[in-house]
Amino acid sequence: MTNQNNEKGLPRIDLPENWMVGTDITPKLLNQYANYPIRLRCEITALVMSGFIEATINTNVLQLGSGDLVTLMPGTIFQINRIEGEVKVYFLGFSADFISKKEQSRPHLDTLFFTLGRPSIHLAESSAVLMEHYLQLLIHLYKMGSATTKEELAPNVYADIHKGIALIYRQKNEQVTLSKAGQTCRLFVQLVIRHYQETRNVAWYAERLKITHAHLCTIVRQMTGRTCVDIISSMVIMDAKSQLKSTSQSIQEIADSLNFANMSFFGKYFKRYVGMSPLEYRNNG
């Protein structure tokens with residue numbers, strides 16, 4: 001995976017090839033993402049077969065162990081919190097460039113819908129072993145294939161993994177149990193992930209969802225126990241913290257990237273949630 005820190009905003013992670021598969025997600029690699037959150041440009045599916053990983057994905061803390069399947073869509077913000085034991089993780093990923101050229105199929109949209117708000121799902125031991133065998137086959141094909149062969153395989157692999165993930169979620173009754181309120185809440189979170197850098201106005205999100213401001217606030221509170229403002233501010237603050245710690249951008253530039261009217265407003269907003277100014281956080285946080 002490659003870091004792309006020259007862009008404004010969070011450091012972004014992408015893949016150097018259309019698709020990659022392997023098991024070389026080591027504790028050393030994971031610990032590179034333990035100091036501050038980063039944003040994915042690529043899409044990653046990971047299967048944990050041993051060890052323990054605690055990570056913050058968007059605004060949720062996940063504890064991942066043997067048999068957990070994780071799907072991280074482009075735009076996901078994540079940070080590693082803790083690693084224990086002998087970690088073995090298979091991964092399959094697709095680059096931002098490859099995804100941008102794909103016409104999104106129904107399985108892909110199903111996967112996006114199912115995993116939004118719940119990126120991990122626990123597999124029964126037999127299902128985890130089957131998924132492991134599938135990924136081992138892909139690893140063999142990837143290592144043995146020429147550049148042309150890998151290029152030809154990419155669309156099929158992309159389609160197959162999305163069909164498989166959508167099927168797994170359906171078998172877990174995710175589609176049946178997700179209420180209309182749950183769907184609205186997930187769509188809200190999806191919009192926030194995509195647009196928090198542009199607007200923090202809850203009414204804007206409500207208008208996009210074609211419901212009233214009050215109704216959106218009620219739904220989100222009922223489904224998550226948090227307010228809409230809490231969710232939006234969590235994303236903004238995660239981004240701001242990462243830029244302050246991992247880039248040399250000025251505080252004015254960071255404020256601009258997050259669409260604050262001026263540096264003073266950004267400073268007050270940051271201090272309200274973090275308890276110190278952006279400069280204090282950069283130097284001492």
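# Note on the structure

1. Ser95 has a relative accessible area of 3% and therefore counts as buried. Here buried means under 20% relative accessible area, exposed means over 50%, and partly exposed covers the range in between, with a 1.4 Å probe and protein chains only. Ser95 sits in the loop between β8 and α2 (96–101). Helices (H or I, at least four residues) and strands (E, at least two) are DSSP runs, numbered from the N terminus. With neighbours within four places in sequence left aside, Ser95 is in contact (heavy atoms within 4.5 Å) with Asp14, Leu15, Glu17, Asn18 and Cys42.

2. Basis of the values. The model is predicted, so local features need pLDDT of at least 70 and side-chain atom pairs count only at pLDDT 80 or more, while totals for chains, interfaces and linings use all residues. Residues are numbered from 1 along each chain as its sequence is written, and side-chain values use heavy atoms, with hydrogens and water left out.

3. Overall content. The protein has 13 helices and 9 strands. Of its 285 residues, 48% count as buried. Among contacts between residues at least 6 apart in sequence, 75% join residues at least 24 apart.

4. Salt bridges. The whole structure contains 5 salt bridges, a salt bridge being a side-chain nitrogen of Lys or Arg within 4 Å of a carboxyl oxygen of Asp or Glu. One of them pairs Asp14 with Arg41, with 2.9 Å between the closest N and O atoms. Asp14 belongs to strand β2 (residues 12–14) and Arg41 to the loop between β4 (38–40) and β5 (43–57), so this pair ties together parts that are 27 residues apart in sequence. Asp14 counts as buried at 5% relative accessibility, whereas Arg41 counts as partly exposed at 29%. Asp14 is also among the contacts of Ser95 listed in the opening point.

5. Glu54 and Arg82 form a salt bridge through their side chains, at 3.4 Å from N to O. Glu54 is buried at 14% relative accessibility; Arg82 is partly exposed, its relative accessible area being 33%. The side chain of Arg82 also meets that of Glu84 in a salt bridge of 2.4 Å, N to O. Glu84 has a relative accessible area of 38% and is partly exposed. Through shared partners, the salt bridges join Glu54, Arg82 and Glu84 into one network.

6. Packing of α4 and α5. The axes of helix α4 (residues 125–144) and helix α5 (residues 147–171) come within 12 Å and cross at roughly 170 degrees. Axes are lines fitted to C-alpha atoms, for helices over the stretch in contact, and angles run from 0 to 180 degrees between N-to-C directions. The two helices α4 and α5 are therefore roughly antiparallel; angles under 35 degrees count as roughly parallel, over 145 as roughly antiparallel, 65 to 115 as roughly perpendicular, and the rest as oblique. From α4 the contact takes Met131, Tyr134, Leu138, Leu141 and Tyr142, and from α5 it takes Lys150, Leu153, Val157, Asp160, Ile161 and Ile168. These residues of α4 and α5 comprise 9 nonpolar, no polar and 2 charged. In this division Ala, Val, Leu, Ile, Met, Phe, Trp, Tyr, Cys and Pro count as nonpolar, Asp, Glu, Lys and Arg as charged, and the others, Gly among them, as polar.

7. Packing of α7 and α9. Helix α7 (residues 180–195) packs on helix α9 (residues 213–224) at an angle of about 100 degrees, the axes being 9 Å apart. The pair α7 and α9 is therefore roughly perpendicular. Ala181, Gly182, Thr184, Cys185 and Phe188 of α7 make the contact with Leu216, Ile219, Val220, Met223 and Thr224 of α9. The residues in the contact of α7 with α9 are 7 nonpolar, 3 polar and no charged.

8. Positive phi values. Most residues other than glycine have a negative phi. Lys210, which is not a glycine, has a positive phi of about 60 degrees. Lys210 is located in the loop between α8 (202–209) and α9, and is exposed, with a relative accessible area of 74%. Asn259, also a residue other than glycine, has a positive phi near 65 degrees. Asn259 lies in the loop between α11 and α12 (263–274) and is partly exposed at 42% relative accessible area.
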